Amino acid sequence: MISLLKLVDLVLEIYGIILILYVILGLLINFGVVNAYNRVVAAIYEFLMRITEPVLRPIRRILPNFGPVDLSPLVLLVLIWFARNLLAEYGPLLVRGASPA
């Protein structure tokens with residue numbers, strides 16, 4: 001069961017990295033540093049968008065409109081950090097059947 005907790009932690013860590021890559025690539029495209037019409041860049045950005053947008057969309061609906069600033073990736077990163085900390089702190093206790101004190 002500990003292995004399952006470690007797998008979930010690893011998936012959350014990888015998803016956080018993917019989210020950071022999505023934000024960085026989006027900024028590079030918006031500031032004109034990277035050409036969005038390049039097929040490789042477009043394919044990578046499309047992949048990152050398909051992975052992250054289904055999770056970011058509900059967060060955007062809850063957050064107020066801040067104009068051009070999108071805070072949903074930051075909120076999602078905080079949620080991922082919180083979930084990973086909960087897994088690290090309470091996961092082993094739940095596996096052993098002990099109640100957290």
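Helix H1 gives the most to the lining of the largest pocket, with five residues. Helices here are DSSP runs of H or I with at least four residues, strands are runs of E with at least two, and both are numbered from the N terminus. The model is a predicted one, in which local features need a pLDDT of at least 70 and side-chain atom pairs count only at pLDDT 80 or more, while totals for chains, interfaces and linings use all residues. Residues are numbered from 1 along each chain as its sequence is written, and side-chain values use heavy atoms, with hydrogens and water left out.

The pocket itself has a volume of about 300 Å³. Of the 13 residues that line this largest pocket, those closest to its centre are Val 23, Leu 27, Asn 30, Asp 70 and Pro 73. Grid points are joined across faces, edges and corners, and the volume is the space filled by probe spheres set on the points. H1, H2 and helix H3 (72-96) each supply at least two residues of the lining of the largest pocket. By class, that lining holds nine nonpolar, two polar and two charged residues, where Ala, Val, Leu, Ile, Met, Phe, Trp, Tyr, Cys and Pro count as nonpolar, Asp, Glu, Lys and Arg as charged, and the others, Gly among them, as polar.

Turning to the fold, the secondary structure of the chain comes to three helices and zero strands, which read along the sequence as the pattern α-α-α. The radius of gyration of the chain, taken over C-alpha atoms, is 17 Å, well over the 13 Å that the globule rule gives for 101 residues, so the chain is more spread out than a compact globule; the rule is 2.2 Å times the number of residues to the power 0.38. Along its principal axes the C-alpha trace spans about 55 × 30 × 20 Å. Of the 101 residues, 19% count as buried, a term that means under 20% relative accessible area, with exposed over 50% and partly exposed in between (1.4 Å probe, protein chains only).

Between the aromatic side chains, the count comes to one aromatic pair. The rings of Tyr 22 and Tyr 45 have their centres 5.5 Å apart and their planes at 20°, so this pair is stacked. Rings of Phe, Tyr and Trp (its six-membered ring) pair if their centres lie within 6.5 Å, and planes under 30 degrees apart count as stacked, over 60 as edge-to-face and the rest as tilted. Because Tyr 22 lies in helix H1 (residues 2-30) and Tyr 45 in helix H2 (residues 39-62), the pair ties together parts that are 23 residues apart in sequence. Tyr 22 is buried, at a relative accessible area of 8%, whereas Tyr 45 is partly exposed, at 22%.

Lys 6 in helix H1 is exposed, at 59%.

As for confidence, the chain averages a pLDDT of 92, and 96% of the residues score at least 70, pLDDT being the predictor's confidence in each residue, from 0 to 100.

Technical notes
On a 1 Å grid over the protein atoms alone, a cavity is a set of points where a 1.4 Å probe fits but cannot get out, and a pocket is an open set with protein on both sides within 12 Å along at least five of seven lines; lining residues have an atom within 4 Å of a point.
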